[in-house]
Amino acid sequence: DGHTKNGEFILRAGRIVAGQFEKWDIRRWIVNGPYEIFLDDGAGDNVHRLIFNCDRTGFIVDDLGQKGYVEGRGFQSPDSAGAPSSVAIPDCVYDSSGAA
């Protein structure tokens, strides 16, 4: 529902996943741009695309519409983390200080 935590999903170094990902036969993550990650089974099947907001604190899953957020940054929900409501890649413009 985008508001209730339904598991722990971990992206580890070396493109390895942990937590609930394995329950759904997701084994690998791949960066596809500054705001986009692909998840798959390690062979290019069972692909899911995560689109992050400009701050990379919240995301939406394109084929399912589920939302999530990065824990440990003070957010309590995808909405409070600014998870996108659209699967469009965000158009983020940053100034020289690095702020959006």
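The model is predicted: local features need pLDDT of at least 70 and side-chain atom pairs count only at pLDDT 80 or more, whereas totals for chains, interfaces and linings use all residues. Residues are numbered from 1 along each chain as its sequence is written, and side-chain values use heavy atoms, with hydrogens and water left out.

**Stop 1**

Select residues 9–12, which form strand β1. Strands here are DSSP runs of E of at least two residues, helices are runs of H or I of at least four residues, and both are numbered from the N terminus. Strand β1 pairs with β2 in the antiparallel sense over four bridges; pairing requires that DSSP find at least two bridges between two strands. Within this pair, Ile10 has Ala18 of β2 as its bridge partner. Three residues stand between the strands of the hairpin, and Gly14 there takes a positive phi near 75°.

**Stop 2**

Most residues other than glycine have a negative phi. Asp25 has a positive phi, near 60°. The side chain of Asp25 also meets that of Arg27 in a salt bridge, at 3.5 Å from N to O. A salt bridge is a side-chain nitrogen of Lys or Arg within 4 Å of a carboxyl oxygen of Asp or Glu, and by this rule the count comes to four. Both partners are partly exposed, Asp25 with a relative accessible area of 37% and Arg27 with 39%. For relative accessible area, buried means under 20%, exposed means over 50%, and partly exposed lies in between (1.4 Å probe, protein chains only).

**Stop 3**

Select Arg28 and Asp40, whose side chains meet in a salt bridge at 2.6 Å, N to O. Asp40 lies in strand β4 (residues 36–40) and Arg28 in strand β3 (residues 28–33), so the pair ties together parts that are twelve residues apart in sequence. Asp40 is buried, at 5% relative accessible area.

Then select Glu36 and Arg49, which form a salt bridge at 2.2 Å, N to O. This pair links distant parts of the chain, with Arg49 in strand β5 and Glu36 in strand β4, 13 residues apart. Arg49 counts as buried at 19% relative accessibility, as does Glu36 at 10%.

**Stop 4: the largest nonpolar core**

Show the side chains of Val17, Phe21, Ile26, Trp29, Ile37, Leu39, Leu50, Phe52, Phe59 and Val61, the ten residues of the largest nonpolar core. Such a core is a set of buried Ala, Val, Leu, Ile, Met, Phe, Trp, Tyr and Cys residues joined through side-chain atoms within 4.5 Å. The elements β4, β5 and β6 each give two or more residues to this core.

Centre the view on Trp29. Leaving aside neighbours within four places in sequence, Trp29 is in contact (heavy atoms within 4.5 Å) with Leu11, Arg12, Arg15, Ile16, Val17, Ile37, Phe38 and Leu39.

**Stop 5: the loop between β5 and β6**

Arg56 lies in the loop between β5 and β6, and has a positive phi of about 60° although it is not a glycine. Arg56 is partly exposed, with a relative accessible area of 38%.

Thr57 lies in this loop between β5 and β6 and counts as buried, at 7% relative accessibility. A polar atom of the Thr57 side chain lies 2.6 Å from the backbone oxygen of Ala81. Not counting residues up to four places away in sequence, Thr57 touches Tyr69, Val70, Arg73, Phe75 and Ala81.

**Stop 6: the disulfide**

Finish with Cys54 and Cys92, which form a disulfide with their sulfur atoms 1.8 Å apart; the criterion is a pair of cysteine sulfur atoms within 2.5 Å. The structure holds one disulfide. Cys54 lies in the loop between β5 (48–52) and β6 (58–61) and Cys92 in the segment after β7 (67–69), so the pair ties together parts that are 38 residues apart in sequence. The torsion about the S-S bond is about -90°, so the disulfide is left-handed. Cys54 is partly exposed, at 22% relative accessible area, whereas Cys92 is buried, at 16%.

Methods:
A polar contact is a pair of N or O atoms within 3.5 Å; within protein, one must be able to donate a hydrogen and the other to accept it, and residues adjacent in sequence count only if both atoms are side-chain atoms.
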